[in-house]
Amino acid sequence: TTTLKANGLAYVIKGEVNVVPGSTLTFEPQTIVKGHANFNNNSGKLRVKNGGKIFFNGSTSTDLMLTSLYDDSVGGDADNAVNTPAAGDWYGMVIENGGAMDMKGLTLRYAGGLITGSDIDIKAGIRVAGDGVKIDAAILENNFQNGIRFAPTANVFSIKNTTVRNHTQKTSDQAVGVMVVGAGGVLENMTFSGNELDIKASSGYSMNLTNCNCGSPTTDPNPL
């Protein structure tokens, strides 16, 4: 297990960081991680590979911050320049098929970078292909194209007590807070706001929604 310690400054992901099979990445509360912007062959990608795990047990959405190199509101001025953070600044997180994610108390924003692939639907702050992913007490905001995207292999996912907001930046089609493609899981006690579309699902999906405050337009299809 590797634990990133909180020290008031930000860890910067430059290029790609892999959580390899048999290992676990976890964090102390108040840790800040910033993804490098998409230039000079850097992408700021955090990938959990088949057999790897990312874990955090916090309390509130500010206990762990995952954000852009350009976000000076937390962790200081990591790039030593004046820049404004925006959706797609960094790649974000990828949970591969066979990778595990169990995280409570985090914010992830400004991810889903423009180089995440040619298919618009795979651009997201968090791309999930692994089973049993759990997210609780989180904020997903201002990511490019999708806040979080579940692939067909990502079954039995659970997102609870989470705010998904301000997903409007896109290549084409629709910007979506939660994108579900042939996957199945639970959304509970969710707050959606400022998204072009809150939830979009396709290809034999299965979802159980409880107390989900969708805005307008709400979902595609509507109702789910």
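Is R109 buried or exposed? R109 is buried, with a relative accessible area of 12%; here buried means under 20% relative accessible area, exposed means over 50%, and partly exposed is what falls in between (1.4 Å probe, protein chains only). Before the close-ups, please keep in mind that this is a predicted model, in which local features need pLDDT of at least 70 and side-chain atom pairs count only at pLDDT 80 or more, while totals for chains, interfaces and linings use all residues. Residues are numbered from 1 along each chain as its sequence is written, and side-chain values use heavy atoms, with hydrogens and water left out.

**View 1. D71 and R109 meet in a salt bridge.** The structure holds 11 salt bridges, each being a side-chain nitrogen of Lys or Arg within 4 Å of a carboxyl oxygen of Asp or Glu. In this view, N and O of the two side chains are 2.8 Å apart. D71 sits in the loop between β8 (64-68) and β9 (92-95), while R109 belongs to strand β10 (residues 100-109), so the pair ties together parts that are 38 residues apart in sequence. Strands, for reference, are DSSP runs (E, at least two residues), numbered from the N terminus. D71 is buried, at 3% relative accessibility.

**View 2. R165 forms a salt bridge with E141.** The closest N and O atoms are 2.7 Å apart. This pair links distant parts of the chain, with R165 in strand β14 (residues 155-165) and E141 in strand β12, 24 residues apart. How accessible are the two partners? R165 counts as partly exposed at 27% relative accessibility, whereas E141 counts as buried at 7%.

**View 3. K200 forms a salt bridge with D173.** Here the closest N and O atoms lie 3.2 Å apart. Distant parts of the chain are linked again: K200 is in strand β17 (residues 197-202) and D173 is in the loop between β14 and β15 (176-181), 27 residues apart. K200 counts as buried at 14% relative accessibility, and D173 is partly exposed, with a relative accessible area of 39%. Elsewhere, salt bridges that share partners join E16, K45, R47, K49 and E96 into one network.

**View 4. D136 is buried yet has no salt bridge.** Find D136 in strand β12 (residues 134-141). The nearest side chain of opposite charge, K104, is 4.4 Å away; Lys and Arg count as positive and Asp and Glu as negative, with His and the chain ends not counted. Leaving aside neighbours within four places in sequence, D136 is in contact (heavy atoms within 4.5 Å) with M103, K104, G105, L106, K160, N161 and T162.

**View 5. The structure holds two aromatic pairs.** Rings of Phe, Tyr and Trp (its six-membered ring) pair if their centres lie within 6.5 Å; planes under 30 degrees apart count as stacked, over 60 as edge-to-face and the rest as tilted. The rings of F27 and F56 have centres 6.3 Å apart and planes at 80°, so this pair is edge-to-face. F27 lies in strand β4 (residues 24-27) and F56 in strand β7 (residues 53-57), so parts 29 residues apart in sequence are tied together by the pair. F27 is buried, with a relative accessible area of 6%, and F56 is buried, with a value of 2%. F150 and F157 form a stacked pair, 3.8 Å centre to centre with 15° between the planes. Both F150 and F157 are buried.

**View 6. K45 lies over the face of Y91.** The distance from the ring centre is 4.3 Å. A charge sits over a ring if NZ of Lys or CZ of Arg is within 6 Å of the ring centre and within 35 degrees of the ring normal.

**View 7. V94 has its place in strand β9.** V94 is buried, with a relative accessible area of 6%. Apart from neighbours within four places in sequence, V94 is in contact with L46, R47, V48 and R127. From V94 to A175, the distance is 18 Å, C-alpha to C-alpha, and the two are 81 residues apart in sequence.

**View 8. T219 lies in strand β19 (residues 219-220).** T219 is buried, with a relative accessible area of 11%. The T219 side chain reaches the backbone oxygen of P221 at 2.7 Å. Setting aside neighbours within four places in sequence, T219 is in contact with L197, I199, C214 and L224.

Key:
Helix = DSSP H or I, 4+ residues; strand = E, 2+ residues; numbered from the N terminus. Polar contact = N/O pair within 3.5 Å; in protein donor to acceptor, adjacent residues only side chain to side chain.
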